[in-house]
Amino acid sequence: MAEENSDVQIRYNGQDILVSKKVADFLERDRKKMAALQRSDRRHLIKVNPFERMDIEMDIASPVEYHVIKNLFLEKLQETVSELTDDEKLLIKYRFRYEMTLKRIGKKFGISKPAVHVRLEKLVEKLRNSVLA
């Protein structure tokens, strides 16, 4: 029982931080889950909004730990989004904020529907990887 409540040092965004064993275990499960998703058939990746709240079982002892982890993820995501090109930001905005179809986005950018799909897939992967790095 004492081992379960002990702190564990992890590396996050290039910094060593102390978190509870439960948080470290959650992050490891989430990392493995995301790795499995990346290996799976990605044909339907864009049909699901990757920014929707995922139903993840969080067995975290305190609300403070939950908010710390959430804020770490959000900070890294904001940093990555700020580094995107204007076209990449617009592509994300069209698809996920305005829920435009791939075909309509393609017309706006002057590219094919499959090209939009490939670009979105790469962007979503880039954003996910940045959060999990």
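Predicted model: local features only at pLDDT ≥ 70, side-chain atom pairs only at ≥ 80, totals over all residues.
**Notebook: helices and cores**

Entry 1. I began with the order of elements: from the N terminus on, the protein chain runs β-β-α-α-α-α-α. That gives me 5 helices and 2 strands. Then I checked contacts with a separation of 6 or more, and 59% of them join residues 24 or more positions apart.

Entry 2. Next I turned to helix pairs. Two packed helices are described by the angle between their axes and the distance between the axes. I took helix 3 (residues 86–97) and helix 4 (residues 102–109): their axes come within 10 Å and cross at roughly 150°. Angles over 145 degrees count as roughly antiparallel, so helix 3 is roughly antiparallel to helix 4. The crossing is right-handed. Who makes the contact? From helix 3 I noted Asp87, Leu90, Leu91, Tyr94 and Arg95, and from helix 4 Leu102, Ile105, Lys108 and Phe109. Sorted by class, this contact has 6 nonpolar, no polar and 3 charged residues.

Entry 3. My other pair was helix 2 (residues 63–82) with helix 5. Their axes come within 8 Å and cross at roughly 135°. Helix 2 and helix 5 are therefore oblique to each other. I wrote down a right-handed crossing here too. On helix 2 the contact uses Phe73, Lys76, Leu77, Thr80 and Val81, and on helix 5 it uses Lys126, Leu127, Ser130, Val131 and Leu132. By class I get 6 nonpolar, 2 polar and 2 charged residues for the contact of helix 2 with helix 5.

Entry 4. In soluble globular proteins, nonpolar side chains tend to be buried together. The largest nonpolar core in this model has 14 residues, and those with the most contacts inside it are Leu91, Ile92, Ile105, Val116 and Leu120. Which helices supply at least two residues each to this core? I found helix 3, helix 4 and helix 5 (113–132). Helix 5 gives the most, with 5 residues.

Entry 5. Leaving aside its neighbours within four places in sequence, I found Leu91 in contact with Ile105, Phe109, Val116, Arg119, Leu120 and Leu123. Val131 had already turned up in my notes, in the contact of helix 2 with helix 5.

Key
Residues numbered from 1 in each chain as written. Heavy atoms only, no water. Axes fitted to C-alpha atoms, helices over the stretch in contact; angles between N-to-C directions. Helix = DSSP H or I, 4+ residues; strand = E, 2+ residues; numbered from the N terminus. Parallel < 35°, antiparallel > 145°, perpendicular 65-115°, else oblique. Left-handed = near helix turned anticlockwise from the far one by under 90°. Contact = heavy atoms within 4.5 Å. Nonpolar A, V, L, I, M, F, W, Y, C, P; charged D, E, K, R; others polar. Core = buried A, V, L, I, M, F, W, Y, C linked by side-chain atoms within 4.5 Å. Buried < 20%, exposed > 50% of the residue type's maximum accessible area, 1.4 Å probe, protein only.
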